[in-house]
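Visitor: I would like to learn how to read a model of this kind, feature by feature. Could you take me through it?

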Amino acid sequence: MHKFAEYSIINSRPEAVRYALRSQIISGGIAPGEKLPPTDELARMYNVSKDTISHAMSLLAEEKLIVRRRGAGTFAAPDLKYIPEPGCRNIGIYLPMLKSDRELLDPQISPTTFQLFTGALEALKNSGYVLTTIAPCDTPLSERIRHFHIAGLLLPNREDFLEDVIKYQLPEIIPCMVMGKPNHSTRLNYVEELSDSSVEAIFNFLIKKQFRHFGVFGSSQLDFQRTAIFRGYRNAASAAKCYNIRSEKPISENAPQIEYDIAIDELLSLPEKPEILTVFRSRFLPGVLRALQKRKLRVPEDISLLLIENESGRPPVYEGMNISSILLPSKYKYGKIAGEKLLDLIRQNKTCVQYDIPWTFHAGNTLKNN
């Protein structure tokens, strides 16, 4: 006998039976195309009447999760496809930091997420959609989406959560957009924030400007962003036959000046000294400039300088220098792009979206072409 305690959001027994069978179909417990037990057997399994089972089957048929064949029986759909209710203008966003679906997102507790949320909300409002927050709970999200009546879903890039998303085949049921590049990128739609390919495009831009020898400063923290920065650099520089691993300079957060001095000394000791220093994030810029000043190196006469920064943090001015920069979108704009791309996915019924975030070049007086 099956129990329905985990389906507390359901108000009727036909709905409870539907969700129970739906979970089995979605998770693969009932394989695509597999024949379901007959009505009387299902009634015994769930301890309900045959009418309740018939009603539940009608609901599953409306969702295109089962196929009825006269004289042969009822089968799980061979190809699962989520069909939102007609006219649905609701988009869900899963926020792991919330404790309940009714809790409001606090910008002081999660400032980055709040910016993403605000940007996504703006994109959806402009297209006549609304955004619904979804908090974690014991019931798998794949079983809850009909309760929220959503046409699409924005997801955070968290591996522990995305493993469950893939396990329950959620992208096969409803259009999903991951905010950030997941490890399972070939199976999920995503919008990249800072990726290998976007960094590679930045260095290809510099290579086209005839730069060949680089010094690359980025965070020493072992995270996705550091990986994207240095791997993107390697891809572009290796293709142009100008890669040198000793040009990579990971700088620790709150690094003392001696760390910058050592990094610059190592770069200057290379057989082919760097023509340009690329600095990811303005917080590393003062240490680099002080190290150059100690060695009486002028920017850009002796060495060029380019800052890669989030557009919400405009490049500072040092001694009258207008810093050349490449600006990546703010968290707000990134959230807006993610929302827009999810709407494209819903409207065009695309099966795969892998979108690199755009960047813009602002010419200052610290970048001098050779």
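Guide: Let us begin with a single residue, keeping in mind that this is a predicted model. G119 counts as buried, because its relative accessibility is 0%, and this glycine belongs to helix α4, which spans residues 111-126.

Visitor: Which residues does G119 touch, once those up to four places away in sequence are not counted?

Guide: With those neighbours set aside, G119 touches Y332, G335 and K336. A related reading uses C-alpha positions: G119 and E340 stand 221 residues apart in sequence, while their C-alpha atoms are 9.8 Å apart in space.

Visitor: How should I place such a pair against the whole protein, and what share of its contacts join residues at least 24 apart?

Guide: Taking contacts between residues at least 6 apart in sequence, 68% join residues at least 24 apart. The protein has 12 helices and 14 strands, and of its 370 residues 48% are buried. Its accessible surface comes to about 18,200 Å², with 49% of that belonging to carbon and sulfur atoms.

Visitor: How does one describe two helices that pack together?

Guide: Two packed helices are described by the angle between their axes and by the distance between those axes. Here, helix α2 (residues 39-46) and helix α3 (residues 50-62) have axes that come within 9 Å and cross at roughly 105°. Since angles of 65 to 115 degrees count as roughly perpendicular, α2 and α3 are therefore described as roughly perpendicular to each other.

Visitor: Which residues of α2 and α3 meet, and how do they divide by class?

Guide: From α2 come T39, D40, L42, A43 and Y46, and they meet K50, I53, S54 and M57 of α3. By class, this contact of α2 with α3 has 5 nonpolar, 2 polar and 2 charged residues.

Visitor: What is there to notice in the loop between α2 and α3?

Guide: That loop holds N47, which has a positive phi of about 55° although it is not a glycine. N47 counts as partly exposed because its relative accessibility is 47%. Q210 is placed in the loop between α8 (196-208) and β8, and its relative accessibility of 46% is why it counts as partly exposed.

Visitor: Turning to helix α11, which of its residues are buried, and against what do they pack?

Guide: Within α11 (residues 285-294), the buried residues are L285, G287, V288, L289, A291 and L292. The buried residues of α11 pack against β8 (214-219), α10 (257-268), β10 (276-280) and β11 (304-310). After α11 comes K296, with a positive phi near 55°.

Visitor: Where does P300 lie, and what kind of peptide bond joins V299 and P300?

Guide: P300 lies in the loop between α11 and β11, and the peptide bond joining V299 and P300 is cis, with omega about 5°.

Visitor: To finish with a strand residue, is N90 buried or exposed, and which side chain is joined to that of N90 by a polar contact?

Guide: N90 lies in strand β3, which covers residues 90-94, and N90 is buried, because its relative accessible area of 12% falls under the 20% cut-off. The side chain of N90 is joined to that of T132 by a polar contact of 2.7 Å.

Definitions and conventions: Residues numbered from 1 in each chain as written. Predicted model: local features only at pLDDT ≥ 70, side-chain atom pairs only at ≥ 80, totals over all residues. Heavy atoms only, no water. Helix = DSSP H or I, 4+ residues; strand = E, 2+ residues; numbered from the N terminus. Buried < 20%, exposed > 50% of the residue type's maximum accessible area, 1.4 Å probe, protein only. Polar contact = N/O pair within 3.5 Å; in protein donor to acceptor, adjacent residues only side chain to side chain. Axes fitted to C-alpha atoms, helices over the stretch in contact; angles between N-to-C directions. Parallel < 35°, antiparallel > 145°, perpendicular 65-115°, else oblique. Contact = heavy atoms within 4.5 Å. Nonpolar A, V, L, I, M, F, W, Y, C, P; charged D, E, K, R; others polar. Areas by Shrake-Rupley, 256 points an atom, 1.4 Å probe, with all protein chains shown as cover.
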